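Let's take a walk through this model together, one piece at a time. Keep the sequence and the structure open beside you as we go.

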Amino acid sequence: MEKNVFYLLIGVVAVILLGIFWYSVENFTPVIFSISFLVAVILLYLAYRRVEDFVEDERSARITEKAAMRTLQVFWVCFCAFSILAVMNLLYLPRFNREFWMNRQSMIVPPELLSPKMIGYTQLALLCLMIFLYVGFRIYYARKFGEWETDEE
Amino acid sequence: MQDLTQEDLAKAIGVTRQTILAIEKGKYIPSLDLAFRISRYFKVDIEEVFSYEDMQRTVDID
């Protein structure tokens, strides 16, 4: 099997999985999706073993390594910053206003800017953003290490 | 050796053609292991294939 056929197969499997996911949600049958997911993973693994022109050398390993490292560096800063902000928002702390602490009982507490549900959604969105961040860094380092260089040959 | 293509060399030393091209263009610095494999393939000393000045130039790119 060629590498490009394998990538096409991944796309097709992903689309089918998405369809099954929605079917499972609509019909309240999480078992169907769970089984489908496992079958998809096994199928892709078997297909991966049949790919013949899949050469991974030290340069491609370095591209992967650098992209993963940079993604993690950027991601954990963004994720932690948002999570700290969310916790502060939920706990109404810290507050550097002396008047607030002295008359704590009578003070009107401001409404939450972010509900716990929205915090969860935003964290999920950040996780999804990590995938795009990784792809972006991968393209950057692939270009840096001459992935799309052409020559006269 | 004159008929040697990048593809042939890449297959012989177990890397992709893009890696050979990237090394030629100075976009990628090979590891010591790969540098030795290339020099052994040509049956020459490593200094005949790679020089320190060239490496310095590629380090700046990296």
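Predicted model: local features only at pLDDT ≥ 70, side-chain atom pairs only at ≥ 80, totals over all residues.

You will find B:Lys43 in the loop between α3 and α4 (46-49) of chain B. Its backbone deserves a glance too: phi of B:Lys43 is near 55°, a positive value in a residue other than glycine.

Now move to another loop of chain B, the one between α2 (17-24) and α3 (32-42), where B:Ile29 sits. Is B:Ile29 buried or exposed? It has 20 C-beta neighbours inside 10 Å, so B:Ile29 counts as buried. The threshold for burial is 20 or more. To get your bearings around this residue, look for B:Thr19, which is 10 residues away along the chain; the C-alpha atoms of B:Ile29 and B:Thr19 are separated by 9.6 Å.

Stepping back, what does chain B look like as a whole? Its secondary structure amounts to 5 helices and 0 strands, and reading along the sequence gives the pattern α-α-α-α-α. Chain B has 62 residues, and buried residues make up 19% of them. If you take the contacts in chain B between residues at least 6 apart in sequence, 40% of them join residues at least 24 apart.

Let's turn to chain A. Here, too, the count is 5 helices and 0 strands, and from the N terminus on the elements run α-α-α-α-α. Of the 153 residues in chain A, 5% count as buried. Among the contacts of chain A between residues at least 6 apart in sequence, 75% link residues at least 24 apart.

A:Phe28 is not a glycine, yet its phi is positive, at about 55°. With 6 C-beta neighbours inside 10 Å, A:Phe28 therefore counts as exposed.

Next comes helix α2 of chain A, residues 30-50. How far apart should its ends be? At 1.5 Å a residue, the 21 residues of α2(A) should span 30 Å, and the end C-alpha atoms are 31 Å apart, so the two values agree. This helix is hardly covered: among its 21 residues, the count of buried ones is 0.

Further along, two helices of chain A pack against each other. Two packed helices are described by the angle between their axes and the distance between the axes. For helix α3 (residues 58-91) and helix α5 (residues 116-144) of chain A, the angle is about 160° and the axes are 8 Å apart. That angle makes α3(A) roughly antiparallel to α5(A), since angles over 145 degrees fall into that class. The crossing of α3(A) past α5(A) is right-handed. Sorted by class, the residues in the contact of α3(A) with α5(A) are 19 nonpolar, 3 polar and 3 charged.

Finally, see where the chains meet. Chain A brings 11 residues to the contact and chain B brings 14 residues. On the side of chain A that touches chain B, the residues divide into 7 charged, 2 polar and 2 nonpolar.

Methods
Residues numbered from 1 in each chain as written. Chains lettered and ligands numbered in written order. Contact = placed C-beta atoms within 7 Å. Nonpolar A, V, L, I, M, F, W, Y, C, P; charged D, E, K, R; others polar. Helix = DSSP H or I, 4+ residues; strand = E, 2+ residues; numbered from the N terminus. Buried ≥ 20, exposed ≤ 12 C-beta atoms within 10 Å, placed from the backbone. Expected span 1.5 Å × (residues − 1). Axes fitted to C-alpha atoms, helices over the stretch in contact; angles between N-to-C directions. Parallel < 35°, antiparallel > 145°, perpendicular 65-115°, else oblique. Left-handed = near helix turned anticlockwise from the far one by under 90°.
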